[in-house]
Structures are given as structure tokens and as C-alpha cells.
Amino acid sequence: MSILSARPLRAGIAALFAAASVLPAMVPAIAQGPSHGATARAGALSDLINPLMGTDSTYELSYGNTYPAVAVPFGMNFWTPVTGKPGSGWGYMYHDNKINGIKQTHQPSPWMNDYAAFSLMAETGALKIKEDERASWYSHKAEESHPYSYKVYLADYDVTAEVAPTNRAAQFRFTFPKADDAHILLDGLPGGSMVTVDPQRRRITGYVRNNHGGVPGNFRNYFVAQFDHDFAVSRTWDDNWQLTSDRTREGGHVGAVVSFATRAGEQVGVKVASSFISAEQAERNLSTEVGSDSFDATRAKAKQAWDRELSRIQVTDPNLENRRTFYSALYRMLQFPRMFYEIDARGQPVHYSPYDGNVHPGFMYTDNGFWDTWRAVFPWFALMYPERDSEIMQGLANTYKEGGWLPEWASPGYRDVMIGSNSTNIIADAYLNGVRGFDVEALYQAMVKNATTSQGRPVDKRGNVVGAVGREGAEHYNQLGYVPYDVGINENAARTLEYATADFSLSRLAAALGKTEDARLYATRAQNYRKLFDAQTGWMRGRNRDGSWETPYNPYKWGDAFTEGNALHYSWSVMQDVQGLIDLMGGDRKFVDRLDSVFTTPPIFDDSYYGQVIHEIREMQIVNMGQYAHGNQPIQHMIYLYDWAGAPWKAQYHARDIMRRLYAPTPDGYPGDEDNGQTSAWYVFSALGFYPVTPTVGQYAVGSPLFRNVRLTMPGGKVLTIEAQNNGPDNVYIQSATLNGRPYDKPWLSREALQAGGTLRFNMGPTPNKAWGARKADAPFSMSAAK
């Protein structure tokens with residue numbers, strides 16, 4: 001996902017980031033060092049994780065565009081070291097040499113940038129407060145990065161800085177040398193802030209307002225920082241970096257610094273918490289989540305939180321690197337969407353609404369782009385975390401009630417990025433797969449509103465309609481069956497295909513709720529993909545209002561009628577009716593040949609729509625996989641479509657090939673933007689041996705299991721064991737399979753069977769068994785061949 005897909009923002013943001021870009025440094029292929037727990041103990045699954053996976057990224061080329069998030073699963077606040085310029089979006093880049101602070105972050109992606117951030121930094125000697133001046137040299141050899149803690153040696157100051165998280169708070173520990181002038185800074189960062197120093201209570205309190213959209217006018221992140229040492233000196237600075245002894249300072253960019261005299265090895269602790277509700281709630285968060293705990297206790301609790309979640313999926317396999325990749329990917333999947341709610345004095349969940357600016361009871365989650373995550377992240381939640389999924393759905397119902405629309409990209413409120421109506425998919429998928437406890441009728445009403453009108457959508461601070469909310473071009477789509485190419489709506493063919501999939505999900509939910517007329521209407525609209533299939537070229541193609549085709553037409557042109565891809569990528573976006581697409585393409589053999597052609601066609605491209613080679617194009621070009629662009633989401637399900645066309649052995653080959661070539665537990669370990677867990681979810685599902693393609697139906701297309709043994713604790717406590725006998729790097733093909741001792745030869749698995757537990761056993765080999773799973777009658781669900 002790139003913000004370049006947001007038409008109103010494209011030119012200005014692209015130019016800004018391009019001007020500030022940093023050229024990538026060369027990094028050894030296995031540059032890991034001790035930073036991700038190379039001494040992992042047996043059973044400490046969190047120590048298999050490398051939070052630096054994907055951090056060696058730039059504007060021009062993404063190997064994940066991640067940062068080392070120090071957090072607990074789904075925590076409201078993350079913490080991360082900052083090596084880049086604050087506010088740039090690229091906060092931590094592996095190839096940088098200096099750190100200028102450790103900040104509280106809520107950034108879901110560099111393309112979305114951060115909000116409500118502030119940072120802490122420790123120094124000795126002459127005080128330096130500007131980011132570039134205070135930055136200290138550091139080395140990955142003196143850096144320890146875990147999900148539950150981060151530790152780094154700040155060489156310029158002979159200081160070791162550490163942080164350990166809770167949901168809404170954290171503890172810092174700074175180890176100083178002998179110094180008469182040791183300092184800790186709290187930087188409010190640009191965008192509006194206030195600080196107050198209270199030496200008697202050893203505190204810095206205040207708020208920050210920095211954001212990049214999606215917030216009401218009263219938005220604030222209130223913080224409290226409690227020190228365990230008296231201050232020898234305290235000062236604040238103003239917008240002009242002028243230091244004074246004023247106790248309180250407010251402005252566009254203010255901060256505070258407290259100073260001490262320290263002995264060699266003396267440790268100064270800081271307990272920090274924040275709240276989007278009030279200063280009093282920030283105090284409550286500090287008291288309830290940290291209280292009198294030591295730094296080591298907070299660290300241990302955070303580690304326990306990760307190990308508790310990770311232990312639900314226990315992998316046994318001799319390949320340590322694959323296990324590290326798996327758990328590093330799972331760590332990314334369990335971060336977003338983040339909690340945006342807090343616990344009040346009565347112990348009840350409450351939230352500040354980024355939609356109406358008021359405080360309401362109930363859950364709220366944010367920082368997610370459904371264009372990315374509907375594909376595999378939310379199906380994972382429905383399969384493995386239905387209680388968490390229910391909370392997220394409750395939060396979406398609250399969003400609709402408070403803002404009038406469903407979000408498609410929330411960070412923290414409505415953002416004008418990407419396309420589609422994919423909130424429909426995650427809601428319907430949750431309900432149809434057994435998730436309950438949320439107001440499904442309210443969400444159904446919201447989904448129908450999306451599908452009915454584009455009028456009355458929210459506007460941004462400049463008065464512009466937030467086009468990513470609802471369905472841009474809904475009236476055209478409902479009248480013609482597609483969004484026309486020539487009516488001034490960008491990426492129209494992609495919108496049509498995504499709306500048709502959403503209509504399928506809506507029809508399925510309508511049927512489940514007894515709304516039979518709606519079910520028929522939206523099932524009919526789910527077939528609208530047919531209107532864009534050009535039999536002459538064999539690909540999807542933009543279509544004008546009068547029914548004529550987009551001309552000139554270049555199937556290798558990125559963008560234009562499509563979103564961050566070309567016709568070879570988006571033509572497979574018919575998840576609801578793969579058999580219908582097979583029929584359009586001329587039957588199984590021609591369909592398989594066309595799938596094959598994606599890998600054999602050279603990576604030629606036309607970037608004229610963007611006016612530059614966007615990083616998604618470059619990531620396709622350089623991996624030597626033809627036109628296959630796994631670094632972006634629209635094509636990630638494509639290899640599993642072989643299961644519908646009688647060639648599941650080809651899905652097995654490509655699944656293992658992609659896992660082997662494009663993923664690693666290293667700083668360059670992703671094939672493109674990680675995107676809120678989606679690129680990780682592809683790996684996690686694929687490593688288990690199956691993947692969700694069609695929303696709402698509860699079926700998973702079979703690929704090739706990566707591990708010899710996996711033990712999954714399903715919701716309710718039942719255990720599913722997945723065994724792959726004779727598995728290894730060369731034995732990627734399924735020879736046979738059994739489910740609970742009975743022969744199993746279908747190229748898909750059901751949710752019900754997986755959640756019931758038992759033993760799924762694959763027998764693997766080095767050559768394809770082209771008969772296994774190939775019977776047409778055993779293909780997964782399609783609307784055109786419904787079962």
C-alpha cells in the first residue's frame with residue numbers, strides 16, 4: 001500500500017517524500033546480529049521474533065516499511081527508536097547510524113505517518129535539544145530488539161536506554177556514567193504540544209496534538225512521565241528552541257528537560273502513560289498498568305503477554321530461520337488494529353471518538369487499512385481470535401454511530417487513502433464465520449448505505465470529501481454495473497472489481513439475516529466483474545460510460561484503471577466466483593496457462609500514470625518472478641487459484657517458492673510493504689498450508705505446509721495438529737492427506753473442520769501428485785458452481 005493511491009494527496013506528498021528520501025545502504029543478506037534474541041531459549045517463542053525484520057526500507061524500495069514496535073499485542077501505544085527525521089514517516093531505518101530519541105508512536109505505515117507522538121532521549125555533557133544535534137551514534141551490535149523491550153547503547157553519551165511496554169504505558173530505564181550533567185529530554189514534536197514540569201512530584205505532564213488528518217479539533221494525547229529521581233535542574237523550550245526555567249510551555253513544538261548528577265552505572269527510571277481522554281485518565285492508566293512495578297516486572301509481563309498469544313501456535317521444525325520468520329510475521333499480525341479505548345474508574349471500556357470528538361462507552365479500534373487486511377488478517381481473527389474480532393466489530397458499529405459511515409482507512413479517524421468497500425468483507429466474514437456479540441443490524445445498515453449512495457460523506461479540514469469512505473462512483477456502478485473509465489474517477493476498474501466482491505459479501509450477510517430481496521440484489525451485482533472482462537485481450541479492462549473499452553490499452557500500465565497494479569494483477573480479483581472467471585478465460589487449461597503467464601512474462605511496466613517508478617513496481621521488477629508482484633496485495637491470493645482449475649500442485653510449488661525467496665527474518669525480510677499484518681498473514685497462513693481466498697464462506701485453499709508439525713489451540717481450547725511427513729526444502733508437493741485418520745483429497749479445508757481440532761496429516765514428496773485435489777467436483781466454492 002502506498003499513499004500514492006490517494007488521488008487528492010498524490011502529487012504533493014510524493015514530491016515531499018521524494019525530496020526527503022534516503023538512498024538504501026547495502027546490508028548483508030543475514031544481517032541479524034544479537035538484536036532479535038539469537039540466544040532464544042526453548043519455549044520462549046517471543047525470543048524467536050526479529051522486530052527489525054522489514055526495517056531496511058526507503059521511499060524508493062520497501063522491504064517491509066516496518067519499525068521495531070515495542071508493544072503488547074494490539075496495544076494502544078507502541079514505542080520505537082527514531083533514526084530518521086521526526087515527522088518524515090520513515091522513523092527507523094536499519095541503515096541509519098544515529099538515534100535521536102525513543103518515541104511513543106501510533107504509526108500504522110510511513111505512508112500514513114504518525115499521530116499523538118512524543119519522544120524521550122537521554123544525554124550527558126553539554127545539552128543538545130534539536131533532533132539532528134542530539135542524535136547519538138549507535139550500533140546494531142549494541143542494540144537488543146524484542147517485542148517486549150528495546151535496549152540500545154547511545155555511544156556519544158555513554159548511556160544505555162531501555163523501554164518496556166504495557167497497553168497504554170511504559171517504563172524507561174536509563175543507565176548513566178558518572179556525570180555532573182546528565183539529562184533526560186521529553187520532546188513534544190511538531191504539531192502542537194504543552195509541557196509542565198513539577199519538580200516536587202518529579203513529573204513532566206502535558207499533551208501533544210501532532211497528526212496527519214483524521215482527528216477532530218479537540219484531539220489531544222495527554223501524557224504523564226513519573227521519574228524516580230529528584231531533578232537538579234529543570235527547563236522547558238519554546239518553538240524557537242529557546243530554553244528557560246519556565247515550568248509550563250505551550251506552542252507548536254515545545255519540550256522539557258530535566259537534569260541530574262549521576263554516579264557511574266546509576267539508573268534513572270521513568271514511568272510514562274498517556275490517554276486520548278484526559279490528563280486524569282492518563283494518571284489512571286499509569287496507576288493501573290504500571291503502578292509500583294519495577295522495570296523488570298513490566299518487561300516480564302510484556303514478554304508473558306506475547307508468549308501467551310504466540311503459544312497458541314507451536315511450530316516444531318528443524319529449520320530455525322523459517323520458525324523465526326513465522327513468529328516475526330505473527331508478531332506483526334498481532335499489532336493492528338490497535339486498541340483506541342481505555343478503562344475508566346468503574347473498570348469499563350470507554351473511548352475518545354476520532355469521529356465526533358466526544359467520549360463514549362464501549363470499544364474502539366483503529367490504525368488499519370481494510371484494502372490490505374480484509375484478505376487474510378481478518379480471516380485469521382475470525383478463525384483464531386473471534387473474541388477480539390467481536391470487539392473490533394463493536395468498535396466499527398460505534399464508528400458508524402458516531403461518524404455516520406464505516407471507515408476504509410482509519411488512522412485514527414477517516415483517512416482518504418486507497419479504494420474499495422472492504423469494511424463490508426470483514427464484517428460479513430466475521431458474522432458468517434460465527435463471530436457474535438456486536439450490533440450486526442447497525443453494521444448491515446452501514447454496509448447498505450455504502451452500497452447505495454456516495455452523497456453526504458465526511459469532509460476533511462479543507463472541506464474536501466473523504467473519497468475513500470463509502471463507494472466513490474456508487475451511482476455509476478449501480479446504474480451501469482461498473483465505474484466508468486471516462487467520468488473522472490481514478491482507478492475505476494479496480495473499484496468495480498472490489499465493489500463486486502463486497503456485494504457478494506453483502507448478499508451472503510443479507511441471506512443470513514433473512515433479507516432475501518437484498519440477498520438477490522447484491523448477488524446479482526456480485527457478477528458485475530463480467531462487465532470488465534475483455535475477451536479479446538483476456539484481461540480486465542477499463543470501460544467508458546457508453547460501453548466502449550478504454551483506449552489505448554496497455555495491460556502493463558500500473559494505476560490508471562487499477563490500483564497499485566496492472567491488468568495482470570487485478571484480473572484475478574474475482575474471489576467470489578473463480579469458476580466464473582475460469583469460464584470467461586476459456587476453461588481450466590487456458591486459465592492455468594494464463595496463471596502461468598504471470599510468472600513467465602518479463603517484468604515490463606508502464607509507470608506513466610504515477611510519473612515515477614513507485615516502489616511497488618520496483619519490487620516486482622527486481623525479484624525475477626515475471627509480472628508476479630507479491631509485494632502488493634491485489635495478487636497475493638493468485639497462486640491459490642490453481643486449486644479451482646485442477647492444478648493444485650502448482651499452488652503447492654509457488655507457495656513454497658514465494659515463502660523461500662521473498663521472506664526472511666532479516667532487515668530486508670519482506671517483499672514490499674508489510675501493511676498492518678497482511679503480507680505477514682499471507683506467510684502465516686501459507687506456512688500452515690492453507691489460505692483464505694473467498695470471503696464469508698469459511699473455506700481455505702490448500703497450498704504446501706512449510707513445517708513438519710504445528711499445534712494450534714483453537715477457540716474453545718480444541719487442538720488442531722498439522723503434520724507434514726517427509727517435509728523438507730525439496731519435498732513441497734502433497735502426495736496424500738488424511739483428516740482425523742480418513743483420506744482427504746479436497747484442495748480446501750473448512751473453518752468448521754479446523755476449529756473442531758484433530759489431526760491433519762500431509763504426506764509430502766519431491767514430485768507432484770497431479771491427481772491429488774484435482775477433481776473438478778472437489779474445487780472450492782464459486783458462485784457459478786455453488787455447493
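How much of the chain over residues 281-766 is helix and how much is strand, and how far apart are the end C-alpha atoms?

## The annotated region

Over residues 281-766 the chain is 40% helix and 13% strand, with 59 Å between the end C-alpha atoms. Helices (H or I, at least four residues) and strands (E, at least two) are DSSP runs numbered from the N terminus. An unreviewed UniProt entry gives residues 281-766 the feature "domain: Glycosyl hydrolase family"; such annotations may be inferred rather than shown by experiment.

This is a predicted model, where local features need pLDDT of at least 70 and side-chain atom pairs count only at pLDDT 80 or more. Residues are numbered from 1 along each chain as its sequence is written.

## A helix pair

Let's look at helix α8 (residues 386-403) and helix α9 (residues 423-432), which pack at an angle of about 135° with axes 11 Å apart. Here axes are lines fitted to C-alpha atoms over the stretch in contact, and angles run from 0 to 180 degrees between N-to-C directions.

D389, M393 and L396 of α8 meet I426, I427 and A430 of α9, contact meaning heavy atoms within 4.5 Å.

Now to the strands: three of them form an open antiparallel sheet in the order β29-β30-β35. β29 (690-692) and β35 (748-750) are the edges, each with a single partner strand, so one side of each has no neighbour in the sheet. The twist averages 35° from one strand to the next.

β29 pairs with β30 (residues 699-702) over three antiparallel bridges; pairing requires at least two bridges found by DSSP. F690 has V702 of β30 as its bridge partner.

Terms used. Side-chain values use heavy atoms; hydrogens and water are left out.
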